[in-house]
Amino acid sequence: VSASHHPSDAVLAAYAAGGLKVGFDLVVAAHLEACPTCRRGVRSFETAGGGLLGSIEPVAMHEDSLSHALARLEREPSPTPPPAPPADRRRLVERLPLGRRRWLAPGAWVQPVAVDHDPADRVYLLRVGPGVQTIHHAHAGPEFTYVISGALKDDGVVLHAGDFCERDTEHVHQPTVMPGQGCLCLVATQGSIIGQDWASRLIQKFAGV
Amino acid sequence: MTLVDGRTEDPRGLIVRIAQTGDREAFAQLFTLFAPRVKSYLLGLGTPPQAAEELAQEALLTVWRKAAVFDPARAGAATWIFTIARNLRIDAARRDRSALSYALNVHDEPEPIETPAEATLSSDNERHVAEAMRGLSEEQREVVRLSFFQDKAHSEIATELGIPLGTVKSRVRLALARLRDRLEALS
């Protein structure tokens with residue numbers, strides 16, 4: 001199954017350059033595991049980054065930095081590849097360090113992803129039951145969503161497992177989970193999301209998203 | 001300047017020499033060539049000067065340590081060093097390590113089968129970046145550089161360049177799409 005909604009080139013380039021915020025990079029990485037096309041894009045932008053190192057204005061190192069580095073090499077006389085860490089073969093979304101799950105409603109919960117993200121951001125798994133509308137909300141900043149399983153309808157677009165969606169600051173939306181099965185998503189949001197009515201705000205208060 | 005031209009030794013050869021014989025002269029050349037550029041890249045992304053200096057040094061030491069796993073058929077030297085520096089910066093900035101996000105489990109990729117002729121392609125790719133950049137307008141080159149080497153939101157780029165946000169977004173979109181198309185057409 002190949003994804004049909006992908007990160008923009010700007011997002012892939014920022015990922016390749018290491019410029020995405022913590023949490024947002026995870027959402028992109030989750031999509032990359034599912035999407036060979038975007039992996040190819042990231043490789044292209046890594047090549048671009050490498051090539052652009054050639055046109056970047058060099059900034060002088062301290063004058064003794066090379067001799068310092070050579071001295072450090074004396075203590076590691078021959079280049080030996082570091083032992084590879086034991087491979088954890090699970091998918092990224094199964095390897096995420098998770099906090100405590102908070103129940104919202106039958107079949108619905110949020111679970112924070114315990115990575116070292118900006119305290120102003122939110123990074124979480126969101127599970128919503130079939131046919132349920134999520135809260136109507138706007139954003140204080142961008143929101144990245146990766147659909148792990150199930151399907152979600154947002155502004156007339158149906159997002160399936162493997163799809164990636166980026167929403168911007170000005171965007172107000174109310175994603176709805178498609179009937180059939182529940183939907184599990186990995187979400188990163190800059191700042192708290194801003195609910196549009198008091199009931200939404202109430203849910204938010206208890207869910208902490 | 002380009003890092004791969006006819007006058008200087010292909011940096012991939014330097015890495016291979018490090019791997020094969022622990023060649024310190026090759027290391028010194030590589031260090032002189034790349035450390036100041038890696039430092040510049042790190043500074044652009046907002047790394048403080050002292051940390052940028054240390055991480056640039058660490059990046060080149062990592063090149064030494066990992067030289068044996070460098071596959072010149074798969075990646076150009078600059079690209080490899082760029083990704084090493086990127087990962088070190090991410091590791092340094094995050095204690096818990098969502099380095100997770102760059103350690104993907106991807107099993108479906110067939111090993112590339114490359115003939116010796118194709119094996120020169122990767123450093124050609126880096127050369128193609130310069131070519132592809134020349135194919136962009138000066139305005140597009142500017143936003144590409146800012147996308148890679150400055151930790152700036154599009155709104156900040158708009159303010160800096162004195163142009164509307166919508167123009168920045170469409171310029172970034174077009175410039176990156178052209179760069180990617182060009183690189184993927186050539187590889």
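Predicted model: local features only at pLDDT ≥ 70, side-chain atom pairs only at ≥ 80, totals over all residues.

Colleague: How many bridges join strand S6 of chain A to S9(A)?

Modeller: Strand S6 of chain A covers residues 151–154 and runs antiparallel to S9(A). Within this pair, A:Lys153 stands opposite A:Thr176 of S9(A). The number of bridges joining S6 to S9(A) is two.

Colleague: Which strands of the open sheet in chain A stand at the edges?

Modeller: The open sheet consists of three strands of chain A in the order S7-S6-S9, with antiparallel pairing. Each edge strand has a single partner strand, so one side of it is left without a neighbour in the sheet. The strands at the edges are S7 (157–160) and S9 (176–177) of chain A.

Colleague: In S2(A), which residue is the bridge partner of A:Trp103?

Modeller: Strand S1 of chain A (residues 102–105) and strand S2 of chain A (residues 108–112) pair in the antiparallel sense over three bridges. The two strands form a hairpin with two residues between them, and A:Gly107 in the turn has a positive phi of about 80 degrees. Across this pair, the partner of A:Trp103 in S2(A) is A:Trp109.

Colleague: Is A:Asp168 buried, partly exposed or exposed?

Modeller: A:Asp168 lies in the loop between strand S8 (164–167) and S9 of chain A. Leaving aside neighbours within four places in sequence, A:Asp168 is in contact with A:His139, A:Gly141 and B:Lys169. Its relative accessibility is 27%, and therefore A:Asp168 counts as partly exposed.

Colleague: How far apart in space are A:Asp168 and A:Pro142, C-alpha to C-alpha?

Modeller: In sequence, A:Asp168 and A:Pro142 are 26 residues apart. In space, their C-alpha to C-alpha distance is 4.5 Å.

Colleague: How many residues does the largest nonpolar core have?

Modeller: The residues with the most contacts inside this core come from chains A and B, and A:Leu186, B:Phe27 and B:Tyr41 are among them. Leaving aside neighbours within four places in sequence, A:Leu186 is in contact with residues including A:Leu26, A:Val93, A:Val113 and A:Phe144. A second, separate core of twelve residues includes A:Tyr124, A:Leu126, A:Val147 and A:Leu152. The residue count of the largest core is 93.

Colleague: What area do chain A and chain B bury between them?

Modeller: In this interface, 69 residues of chain A are in contact with 70 residues of chain B. Of the buried area, 59% is on carbon and sulfur atoms. The area buried between chain A and chain B is about 6,000 Å².

Colleague: Which element gives the largest share of the side of chain A that touches chain B?

Modeller: Across the interface of chain A and chain B, the rule finds 19 residue pairs in polar contact. The elements giving two or more residues to the chain A side include helix H1 (9–16), helix H2 (24–34) and H3. The largest share is 16 residues, and it comes from H3(A).

Colleague: Is A:Thr47 buried or exposed?

Modeller: A:Thr47 is in helix H3 (residues 36–52) of chain A. Not counting residues up to four places away in sequence, A:Thr47 touches B:Thr79, B:Asn125, B:Glu126 and B:Val129. Its relative accessibility is 13%, which is under the 20% limit, so A:Thr47 counts as buried.

Colleague: Which residue of chain A meets B:Arg86 in a salt bridge?

Modeller: The rule finds five salt bridges across the interface of chain A and chain B. In one of these, the N to O distance is 2.7 Å, and the side chain that B:Arg86 meets is that of A:Glu46.

Conventions. Residues numbered from 1 in each chain as written. Chains lettered and ligands numbered in written order. Heavy atoms only, no water. Helix = DSSP H or I, 4+ residues; strand = E, 2+ residues; numbered from the N terminus. Buried < 20%, exposed > 50% of the residue type's maximum accessible area, 1.4 Å probe, protein only. Contact = heavy atoms within 4.5 Å. Core = buried A, V, L, I, M, F, W, Y, C linked by side-chain atoms within 4.5 Å. Pairing = 2+ DSSP bridges. Buried area = accessible area lost by both parts, 1.4 Å probe. Salt bridge = Lys/Arg side-chain N within 4 Å of Asp/Glu carboxyl O. Polar contact = N/O pair within 3.5 Å; in protein donor to acceptor, adjacent residues only side chain to side chain.
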